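Dear colleague,

Please find the structure below. My findings follow it, and I would ask you to read them with the model open.

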Amino acid sequence: MSTEVVVQIIGRAVVEPDFRELLFANPDNALNGYDLTTEEIAALKSISREQFDVAESELRDRMEWVRLLYEADFSSDARDTFAKKLDDLFDFD
């Protein structure tokens, strides 16, 4: 399984609205040219728009917390403690 390619496709769908629309409107066209197995193609096609939107929103929320964390004026120990508490709170694993 080429996980890196699947992650690349999902990442592209997150940051490129036109590609995201193509992925949901015409997945065969959107996935053309990517080195994917039959199972990977089926898995990507099985993601509903609603599932994607929820996951994208959660990802953006996590990215915002990370940005705030690293912009904060904390000592490295305080930053690590804060990051652990956020991780526990939001179950980032």
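In helix H2 (residues 17–25), the buried residues are Phe19, Arg20 and Leu23. Here, buried means under 20% relative accessible area, exposed over 50%, and partly exposed in between, with a 1.4 Å probe and protein chains only. Helices are DSSP runs of H or I with at least four residues, numbered from the N terminus. Asp18 and Ala25, which are exposed, are carried on the face of H2 turned away from the buried side.

This is a predicted model, in which local features need pLDDT of at least 70 and side-chain atom pairs count only at pLDDT 80 or more, while totals for chains, interfaces and linings use all residues. Residues are numbered from 1 along each chain as its sequence is written, and side-chain values use heavy atoms, leaving out hydrogens and water.

The largest nonpolar core has 13 residues, and Phe19 and Leu23 are among those with the most contacts inside it. Such a core is a set of buried Ala, Val, Leu, Ile, Met, Phe, Trp, Tyr and Cys residues joined through side-chain atoms within 4.5 Å. Helix H1 (3–15), H2 and helix H3 (27–31) each give two or more residues to this core, and H1 provides the largest share, five residues.

Leaving aside neighbours within four places in sequence, leucine 23 is in contact (heavy atoms within 4.5 Å) with Ile9, Ala13, Ala30 and Leu31.

Yours sincerely
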